[in-house]
Amino acid sequence: MMLNRALVAVLLLAAAAFMVYLASLACEALSPNQTYAASIGLSLDQCVSAQDGLAETEARAYCRRPVPKRL
């Protein structure tokens with residue numbers, strides 16, 4: 001009897017933890033945009049240094065522009 005209650009409590013706790021995990025994944029997937037630099041896996045400084053032919057401020061603006069997330 002006591003073992004059944006403990007088992008039910010553990011299962012409910014595991015289910016709740018799994019639901020929180022799924023909610024965090026959904027929140028991440030539904031966030032609309034990320035910066036261009038992050039979308040190609042670079043830091044902002046790496047992205048700026050790779051933009052030959054652009055002034056520093058233009059390169060920063062280019063690398064910070066929002067792009068849709070790839071899923």
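Biologist: Is Met1 buried or exposed?

Modeller: Start with a cut-off: exposed means over 50% relative accessible area. Met1 has 73% relative accessibility, so it counts as exposed. Keep in mind that this is a predicted model.

Biologist: Where is Met1 found?

Modeller: Met1 lies in the segment before α1, the helix covering 2–30.

Biologist: How do I read the overall fold? How many helices and strands does the protein have?

Modeller: Count the elements, then read their order. There are four helices and two strands. Along the sequence they follow the pattern α-β-α-α-α-β. The radius of gyration is 22 Å, whereas the globule rule gives 11 Å for 71 residues, so the protein is more spread out than a compact globule.

Biologist: What does the C-alpha trace span along its principal axes?

Modeller: About 75 × 20 × 15 Å. Met1 and Gln51 are 50 residues apart along the chain, and their C-alpha atoms are separated by 68 Å. Now try Ala50 and Cys63. They are 13 residues apart in sequence and 9.9 Å apart in space, C-alpha to C-alpha.

Biologist: Where is the place of Ala50, and is Ala50 exposed or partly exposed?

Modeller: Ala50 sits in helix α3. Ala50 has 48% relative accessibility, so it counts as partly exposed.

Biologist: What share of the 71 residues is buried?

Modeller: Buried residues make up 11% of them. The cut-off for buried is under 20% relative accessible area.

Biologist: Which residues form the largest nonpolar core?

Modeller: Look for buried nonpolar residues joined through side-chain atoms. Here the largest such core has five: Ala37, Cys47, Val48, Ala59 and Cys63. Helices α3 (44–50) and α4 (56–64) each supply at least two residues of this core.

Biologist: Take Ala59. Which residues is Ala59 in contact with, leaving aside neighbours within four places in sequence?

Modeller: Val48, Gln51 and Leu54. Val48 is also listed with Ala59 in the core.

Biologist: And for the whole protein, what share of contacts with a separation of 6 or more comes from residues 24 or more positions apart?

Modeller: Such residues account for 60% of those contacts.

Biologist: What about the surface? How much of the accessible surface belongs to carbon and sulfur atoms?

Modeller: The accessible surface comes to about 5,700 Å², and carbon and sulfur atoms hold 68% of that.

Biologist: Last, the charges. How many are positive and how many negative?

Modeller: The protein has 6 positive and 5 negative charges. To read their placement, take the mean position of each set.

Notes. Residues numbered from 1 in each chain as written. Predicted model: local features only at pLDDT ≥ 70, side-chain atom pairs only at ≥ 80, totals over all residues. Heavy atoms only, no water. Rg over C-alpha atoms; globule rule 2.2 N^0.38 Å. Buried < 20%, exposed > 50% of the residue type's maximum accessible area, 1.4 Å probe, protein only. Contact = heavy atoms within 4.5 Å. Areas by Shrake-Rupley, 256 points an atom, 1.4 Å probe, with all protein chains shown as cover. Lys, Arg positive; Asp, Glu negative; His and termini not counted. Charge placed at Lys NZ, Arg CZ, Asp CG, Glu CD. Core = buried A, V, L, I, M, F, W, Y, C linked by side-chain atoms within 4.5 Å.
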